[in-house]
Amino acid sequence: MGKDVIIACDFDSAEKTFAFLDKFTGVKPFVKIGMELYYAEGPSIVREIKARGHKIFLDLKLHDIPNTVKKAMAVLSRLDVDMCNLHAAGTNRMMEAALEGLTRPDGTRPMLIAVTQLTSTDQESMEKDLLIKEPIADVVMHYAKGAKNAGLDGVVCSPLEAEKVHATCGKEFCTVTPGVRFADGDIGDQKRVMTPAQAKEIGSDYIVVGRPITAAADPVAAYERCVKEFIG
Ligand code: C5P
């Protein structure tokens with residue numbers, strides 16, 4: 001498992017995405033394609049970015065009955081992405097079914113990681129809306145353990161949770177952490193943030209960085225700064 005910086009390509013069209021990626025001439029960053037871009041452009045955007053030589057994290061957060069998720073994962077495997085994800089709240093059986101579906105003809109498969117509780121969910125909304133009364137930190141760790149037991153490769157979590165996830169599920173269980181900001185940058189709508197250097201310190205395996213790179217005056221320099229701080 002390699003440490004890496006993943007750029008969140010939160011654009012609403014292929015045109016904007018390629019205008020952004022064209023700035024990277026020497027390197028091919030690992031990119032995240034989320035719902036906005038995928039629903040705007042469909043699977044062709046995945047194939048095109050892959051053909052340009054980028055690794056891809058397809059962030060579609062599947063959550064449905066096990067059989068449906070298994071079949072959807074089989075289709076995503078054919079797209080040849082490097083990492084994809086689902087909601088741990090779909091149950092451990094759903095996560096196992098997802099893995100059953102996630103196979104390539106050569107026996108390899110994309111990494112599969114779970115979303116525990118979204119960072120937009122707080123204790124109050126979890127209790128009121130979802131009727132889950134346990135402390136949110138315990139819920140996140142419980143979901144992470146469920147994901148590990150189901151055979152998944154890791155979880156998406158806040159950088160503040162990464163250390164505890166590793167302590168609970170082992171060092172090999174990978175943590176993918178958004179909410180990354182430069183020490184001298186805007187935090188925007190993210191509430192709990194860490195710098196790339198701090199994320200390295202606490203043992204994040206992959207950081208997902210969007211606006212600090214995509215909205216920078218010089219995105220390539222911002223990406224290189226992230227890599228330097230996070231990987232060294
Ligand atoms: O622009 P920014 O760096 O905040 O982008 C972070 C990316 O990570 C976005 O694509 C966002 O949807 C995603 N994300 C997040 N927090 C989570 C899960 C995903 O910010 N808990």
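Trainee: So which space does the ligand take up here?
Mentor: The ligand takes up the largest pocket. Keep in mind that this is a predicted model.

Trainee: Okay, and which residues surround the ligand?
Mentor: Ala8, Asp10, Lys32, Thr119, Pro178, Arg181, Gln190, Val208, Val209, Gly210, Arg211 and Pro212. That shell splits into five nonpolar, three polar and four charged residues.

Trainee: Which elements give two or more residues to that shell?
Mentor: Those are strand 8, spanning 206-209, and helix 10, spanning 211-214.

Trainee: Let's talk contacts. How far is a polar side-chain atom of Thr119 from a nitrogen atom of the ligand?
Mentor: That distance is 2.6 Å.

Trainee: Switching topic: how much space lies in the largest pocket?
Mentor: About 1200 Å³.

Trainee: How many residues line it, and which lie nearest its centre?
Mentor: The largest pocket has 42 lining residues, and Thr119, Ser120, Pro178, Gly179 and Gln190 lie nearest the centre. Thr119, Pro178 and Gln190 are also among the residues that surround the ligand.

Trainee: Which elements give two or more residues to that lining?
Mentor: They are helix 2 (35-41), strand 3 (56-62), helix 7 (136-149), helix 8 (159-169), strand 8 and helix 10.

Trainee: Which one gives the most?
Mentor: Helix 7, with four residues.

Trainee: Last one: how do the lining residues divide into nonpolar, polar and charged?
Mentor: The lining of the largest pocket has 18 nonpolar, 12 polar and 12 charged residues.

Note on methods. Residues numbered from 1 in each chain as written. Predicted model: local features only at pLDDT ≥ 70, side-chain atom pairs only at ≥ 80, totals over all residues. Heavy atoms only, no water. Near = heavy atom within 4 Å. Polar contact = N/O pair within 3.5 Å; in protein donor to acceptor, adjacent residues only side chain to side chain. 1 Å grid on protein atoms, 1.4 Å probe; cavity = no way out; pocket = protein on both sides within 12 Å on 5 of 7 lines; lining within 4 Å. Sits in = over half its atoms within 2 Å of the grid points. Nonpolar A, V, L, I, M, F, W, Y, C, P; charged D, E, K, R; others polar. Points joined across faces, edges and corners; volume = space filled by probe spheres on them.
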